[in-house]
Amino acid sequence: MQRLLKNRELLLALIILVMIAGFATRAAGFASPVNLANIFNDTSILIILALGQMTVILTKSIDLSVAANLAFTGMAVAMLDAAYPGLPLALLIVLAVGIGAALGAINGFLVWLLQIPPIVVTLGTLTIYRGMAFVLSGGGWVNAHQMTPDFLNLPRFPVLGLPILSWLAIVIVLMMWFVLTRTPFGRAAYASGGNPTAAVYAGIDVGRSRFLAFVLSGALAGLSGYLWVSRYAVAYVDIAAGFELDSVAACVIGGISIAGGIGSVIGTVLGALFLGVIKNALPVIGISPFAQMAISGVVIILAVVFNARAEKKKGRIILRDRAAKERLA
């Protein structure tokens with residue numbers, strides 16, 4: 001039991017299972033495989049966005065512009081699809097990823113070369129990117145009847161019982177696990193956030209690592225932009241409003257340290273699923289949207305306290321071990 005409590009991912013997975021079992025007593029069929037698959041599909045975009053956010057947070061930064069990036073990119077590709085229905089879908093998806101990466105690169109450039117704090121940069125670009133979406137669309141909407149069938153149907157197309165959107169989320173989870181655990185960039189991201197000074201002495205370019213993290217986050221936000229407008233069949237300026245906070249919440253709940261350098265891909269995925277289960281369950285059992293926001297806020301605060309205590313405890317253990325070694329010497 002003590003080992004379980006020390007393993008953040010196992011504990012979070014257990015809490016999610018207990019929540020599902022509890023909600024199933026109030027709503028028949030909540031724990032059915034079909035409904036659980038729907039919850040995962042509903043949470044897929046948040047999972048993708050949170051994995052990009054996680055990469056940025058690992059480098060001791062934060063990206064508050066991911067939802068605005070999503071909105072602008074989604075609006076751009078939806079308008080292109082409506083204006084030029086003959087454009088290949090693959091080209092539109094590549095454009096979405098490219099536009100998102102370019103917006104992320106702007107954030108990374110300002111943080112890296114101009115040394116502006118990430119929270120200030122991304123708070124500014126959050127407003128700028130939303131404004132760009134308004135200017136691009138003139139405040140108008142792109143509706144389902146204006147989009148091509150291929151553009152709309154790709155995320156919904158079922159493969160082996162799951163929509164392509166769910167499979168894409170799974171592929172990106174595996175890709176991010178590989179990038180962050182098996183590549184030099186992944187090791188540099190952890191080192192840049194965990195101990196920037198030591199990272200510099202180890203020959204790691206901390207600024208470059210943060211820049212690449214913002215580019216990756218932007219690319220995933222751009223992909224999420226296409227997925228959002230195609231899944232919900234509408235594009236307008238305010239889509240995904242506040243979703244940047246959900247991406248941060250998923251990371252914090254999943255054990256990603258806001259101080260940087262600590263966290264895992266599976267933790268982020270579980271954090272997103274935790275929020276997904278809550279958002280799907282609370283309306284079913286008759287809890288108002290305002291109460292849902294309050295509950296989510298309480299959960300985030302508790303997760304931050306839990307993370308802080310865990311990191312503080314680890315620090316104390318190191319000090320005790322060092323003191324013991326000095327006494328033995």
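Helix α5 crosses helix α6 in a right-handed way, meaning that the near helix is turned clockwise from the far one by less than a right angle. This is a predicted model, where local features need pLDDT of at least 70, side-chain atom pairs count only at pLDDT 80 or more, and totals for chains, interfaces and linings use all residues. Numbering starts from 1 along each chain as its sequence is written, and side-chain values use heavy atoms, with hydrogens and water left out.

**Helix packing**

Helices here are DSSP runs (H or I, at least four residues), numbered from the N terminus. Helix α3 passes α13 in a right-handed crossing too.

| Helix pair | Angle | Axis distance |
|---|---|---|
| α5 and α6 (residues 118–137) | about 150° | 10 Å |
| α3 (residues 33–58) and α13 (residues 265–284) | roughly 140° | within 8 Å |

With that angle, α5 and α6 count as roughly antiparallel (over 145 degrees; under 35 is roughly parallel, 65 to 115 roughly perpendicular, and the rest oblique). By class, the α5 contact with α6 has eight nonpolar, three polar and no charged residues. For these classes, Ala, Val, Leu, Ile, Met, Phe, Trp, Tyr, Cys and Pro are nonpolar, Asp, Glu, Lys and Arg are charged, and the others, Gly among them, are polar.

The angle between α3 and α13 makes that pair oblique. Their contact takes in F40, D42 and L46 from α3, among others, and T268, L273 and G276 are among the residues from α13. The α3 contact with α13 splits into 13 nonpolar, four polar and one charged residues.

**Aromatic pairs**

Searching the whole structure turns up six aromatic pairs (ring centres within 6.5 Å, using the six-membered ring of Trp; planes under 30 degrees apart are stacked, over 60 edge-to-face, the rest tilted). W112 and F211 have ring centres 5.5 Å apart and planes at 45°, so this pair is tilted. W112 sits in α5 and F211 in α11 (residues 206–232), so the pair ties together parts 99 residues apart in sequence. W112 is partly exposed, at 26% relative accessible area.

W228 and F243 pair edge-to-face, 5.2 Å centre to centre with 80° between the planes. This pair links α11 to α12 (residues 243–253), 15 residues apart. Both W228 and F243 are buried (under 20% relative accessible area with a 1.4 Å probe, protein chains only; exposed is over 50%, partly exposed in between). Together with Y232, W228 and F243 form one aromatic cluster.

Methods
Helix = DSSP H or I, 4+ residues; strand = E, 2+ residues; numbered from the N terminus. Axes fitted to C-alpha atoms, helices over the stretch in contact; angles between N-to-C directions. Contact = heavy atoms within 4.5 Å.
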